[in-house]
Amino acid sequence: MSILRLLHRATSSSSTATAFLHRTTASASAGEPISPSNTRVGWIGTGVMGRSMCGHLISAGFAVTVFNRTISKAQQLLDMGGKLADSPRAVAAQSDVVFSIVGYPSDVRHVLLDPTSGALSGLRSGGVLVDMTTSEPFLAEEIASAAAAANCFSIDAPVSGGDLGAKKGKLAIFAGGDETVVKRLDQIFALMGKVNYMGSSGKGQSAKLANQITIASTMLGLVEGIIYAHKAGLDVENFLEAISAGGARSRSLELYGNRILRRDFEPGFYVNHFVKDLGICLKECERMGLALPGLALAQQLYLSLKAHGEGILGTQALILALERLNNVSVQPKVVSSSDSSLI
């Protein structure tokens, strides 16, 4: 029986997912595991995170078709063997699975759902959309419904781990959608990090928003601790080393403590994008009737960075907002050319 007939006869998400698992194409037999030999991949969005994530797929041997509005940002992937497309629709027309990681929910809607240029309009029956942008849970549900209506599939799979996690293939991936489809894609996800199944469509986004709430408060605690240590006359580098072995140890401390001391505000994740994420969190809290004052405070402080023209810096630039509030400046550590421990 053809995949089209199977899909039309599907009466639930689980039966549709079963059809996906057993779909046959010219390049893959039924039930054959996903591999570079039988699965074509599309990638939309080659920014700080997406470029590294997509690079792992190309390095693993997958045939990857790429779209990015600024072609120069995709050049590294093209040099690795990726093929350039001129629209999300063109990417999808040449792909079995299409990944997207773009800036804002409006971008997600445009690259995936635009009726003339969006990826879904070019995806063949049985294809899969995987949106890895941090976006709105209700939008993930909308995309899943639109995909199902087109006899396709959609997974929301935002990530956490920053630029270093993306480069090392060590991201945390929060997946929402049909679990069978998520498992089918596990071999691709494994190239980027560890996939965690969170539940139905939209639950991946909800998990990522909870993650961002946690990170916001942790980062605020880190920079407040640095400000206090500096004002108290401590050697701040020594302070950070001391607390890294105690109860204050955190991923934010590990990734950003020494970056802050070196005044390294290069973005692993942009302030602008974090403001967007925290804004989505606050909207969800209002919808759910939740009061999270720590989240609201962190969002206001990050908004102050944006107001000072610092939105293109990394999230560790939060130290700048606290320095302004307290009229202090934590002086950068001078690193000698022979000291590689901080580089």
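Predicted model: local features only at pLDDT ≥ 70, side-chain atom pairs only at ≥ 80, totals over all residues.
**Getting to know helix H12**

Student: Which helix gives the most to the lining of the largest pocket?

Tutor: That is H12, which contributes six residues. Helices (H or I, at least four residues) and strands (E, at least two) are DSSP runs numbered from the N terminus.

Student: OK, what volume does the largest pocket have?

Tutor: About 1,000 Å³. A pocket here is an open set of points on a 1 Å grid over the protein atoms alone where a 1.4 Å probe fits, with protein on both sides within 12 Å along at least five of seven lines; lining residues have an atom within 4 Å of a point. The volume is the space filled by probe spheres set on the points, which are joined across faces, edges and corners.

Student: Which elements supply at least two lining residues each?

Tutor: They include helix H3 (48–59), helix H6 (105–113) and strand E7 (159–160). Helices H12 (203–231), H14 (251–261) and H15 (271–288) are on that list too.

Student: Back to H12. How many residues does it have?

Tutor: H12 has 29 residues, and its first and last C-alpha are 42 Å apart. That is close to the expected 42 Å, taken as 1.5 Å times one less than the number of residues.

Student: What follows H12?

Tutor: Gly233 does, and its phi is positive, near 85°.

Student: At what angle do H12 and H13 pack?

Tutor: At about 130°, and the axes of H12 and H13 (residues 236–243) are 9 Å apart.

Note on methods. Residues numbered from 1 in each chain as written. Heavy atoms only, no water. Axes fitted to C-alpha atoms, helices over the stretch in contact; angles between N-to-C directions.
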